[in-house]
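Hi everyone, thanks for coming.

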Amino acid sequence: MTDTHTPEDAQSPDEKRKLARRTVLAAGSVAVTAVGVGSAFAASDATVAEQGTEAAAASASEGGCYTLTSELVEGPYYIDADKLRQDVTEDQEGIPLFLTLKVIDADTCKPLRNAAVDIWHCNASGIYSGYEEMGSGGGGGGTPPTGTPTDVPTGTPTALPSGPPPGGGGGHQEPTDDTRYLRGTWHTDRHGHVGFKTVFPGWYRGRCVHIHVKVHVDGEWTDAGYEGGHTCHTGQLFFDEKSVLLSAEVEPYASNTTTRTTLDEDTIYPDNGHAGGLLYLRYDRHHIARGVHAHLTLGVEPDDTDNG
């Protein structure tokens with residue numbers, strides 16, 4: 001990877017411990033006003049919080065540690081630290097999304113400074129950059145065929161299907177092209193915060209709406225980018241059904257005809273709320289197209305290695 005940016009700031013068994021992460025719920029009330037793609041997000045009385053009293057309580061709990069964030073699969077479409085940037089939108093259309101993450105040491109609750117955080121997700125049509133030739137979901141789906149099948153197999157299957165589930169599991173796929181939209185890596189500041197400007201993700205067959213995330217530590221920021229170190233957290237960030245249903249009424253999401261998997265139906269989401277990466281969201285429920293602010297704080301074990 002190449003880049004000229006140098007950061008300013010430059011329960012028992014171990015297996016159980018790796019299945020859950022302690023995290024601190026992000027504090028501070030954040031709001032979003034009517035904005036366009038690429039515009040800044042600002043506080044506004046017109047913004048409506050969609051998370052209710054639980055989010056409000058979390059806002060006041062900076063410094064309180066909780067066992068929340070789960071380690072999840074990396075998925076097949078990760079590209080290592082290819083773009084060092086905060087605005088990953090490029091030319092992708094969609095609802096503006098500003099994602100704020102805070103990374104802390106789960107043991108000490110202290111913020112992790114200069115950690116490298118990767119995010120990547122599909123666009124509104126369910127396509128991952130770097131894998132456009134694979135179609136919707138990077139080869140994990142697309143719009144199902146219509147019409148009556150003309151050649152239906154008969155008999156008893158002799159072998160189980162192999163390979164990763166749609167958009168999920170293991171088995172890294174090599175990129176098919178040089179596109180890199182909706183992907184980026186940036187460093188945490190001295191408070192452990194990192195922010196990204198992107199668009200609300202779409203969906204593809206077999207997966208609910210989500211964003212992938214990795215945290216790397218003990219590496220070095222150079223003129224060439226982030227080098228060395230190890231990955232201490234691999235997870236996914238999720239959106240509640242209320243927000244996804246509202247997004248589905250807005251173009252270009254409304255043109256995505258792929259059958260959508262709900263949060264409850266998803267086989268990778270651990271079904272444990274914010275503990276599993278469910279984001280806190282703020283937006284105007286009557287005008288979600290104007291923008292969404294999402295935040296969560298991730299507790300990691302810096303000395304662990306978890307590549308997903």
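I'll start with the overall layout, then go to one strand, the nonpolar cores, some aromatic rings and the cysteines.

First off, please keep in mind that this is a predicted model. The protein chain has 308 residues, and 52% of them count as buried. Its accessible surface comes to about 14,200 Å², with 49% of that belonging to carbon and sulfur atoms. As for secondary structure, we've got 3 helices and 11 strands. If you trace the protein chain from the N terminus, the order goes α-β-β-α-β-β-β-β-β-β-β-α-β-β.

Okay, let's zoom in on strand β5, residues 116-120. Why do we call β5 largely enclosed by the rest of the structure? Because 5 of its 5 residues are buried. Here's a bit of background: in a regular strand, side chains alternate between the two faces of the sheet. In β5, both faces are covered. On one side you'll find Ala116, Asp118 and Trp120, on the other Val117 and Ile119, and all of these are buried.

So who sits alongside β5? One partner is strand β6, residues 183-187, which runs antiparallel to β5 and is joined to it by 5 bridges. If you want a spot to look at, Val117 stands opposite Trp186 of β6. Strand β8, residues 210-222, is another antiparallel partner, also joined to β5 by 5 bridges. There, Ile119 has Val213 as its bridge partner.

As a general point, nonpolar side chains tend to be buried together in soluble globular proteins. Here the largest nonpolar core has 40 residues, and Leu101, Leu237 and Phe239 have the most contacts inside it. Which one gives the largest share? That's β11, with 5 residues. There's also a second, separate core of 8 residues, and Tyr77, Tyr78, Ile79 and Cys122 are among them.

Let's stay with Phe239 for a minute. Setting aside neighbours within four places in sequence, Phe239 touches quite a list of residues, including Leu97, Phe200, Val209, Ile211, Val244 and Leu281. Phe239 counts as buried because its relative accessible area is 1%, and Phe200, at 0%, is buried too.

That brings us to the rings. The count comes to 8 aromatic pairs. One of them is Phe200 with Phe239, a tilted pair at 4.6 Å centre to centre, with 50° between the planes. This pair links distant parts of the chain: Phe200 is in the loop between β7 and β8, Phe239 is in the loop between β9 and α3, and they're 39 residues apart. Elsewhere, ring pairs tie Tyr77, Tyr128, Tyr131 and Tyr204 into a cluster.

Last stop, the cysteines. How many disulfides does a search of the whole structure find? The number is 0. And are Cys122 and Cys208 buried or exposed? Cys122 is buried, as its relative accessible area is 1%, and Cys208 is buried as well, at 2%.

Technical notes: Residues are numbered from 1 along each chain as its sequence is written. This is a predicted model: local features need pLDDT of at least 70, side-chain atom pairs count only at pLDDT 80 or more; totals for chains, interfaces and linings use all residues. Side-chain values use heavy atoms; hydrogens and water are left out. Buried means under 20% relative accessible area, exposed over 50%, partly exposed in between (1.4 Å probe, protein chains only). Helices (H or I, at least four residues) and strands (E, at least two) are DSSP runs, numbered from the N terminus. Two strands pair if DSSP finds at least two bridges between them. A disulfide is a pair of cysteine sulfur atoms within 2.5 Å. A nonpolar core is a set of buried Ala, Val, Leu, Ile, Met, Phe, Trp, Tyr and Cys residues joined through side-chain atoms within 4.5 Å. Contact means heavy atoms within 4.5 Å. Accessible areas come from the Shrake-Rupley method with a 1.4 Å probe; for residues, only the protein chains shown count as cover. Rings of Phe, Tyr and Trp (its six-membered ring) pair if their centres lie within 6.5 Å; planes under 30 degrees apart count as stacked, over 60 as edge-to-face and the rest as tilted.
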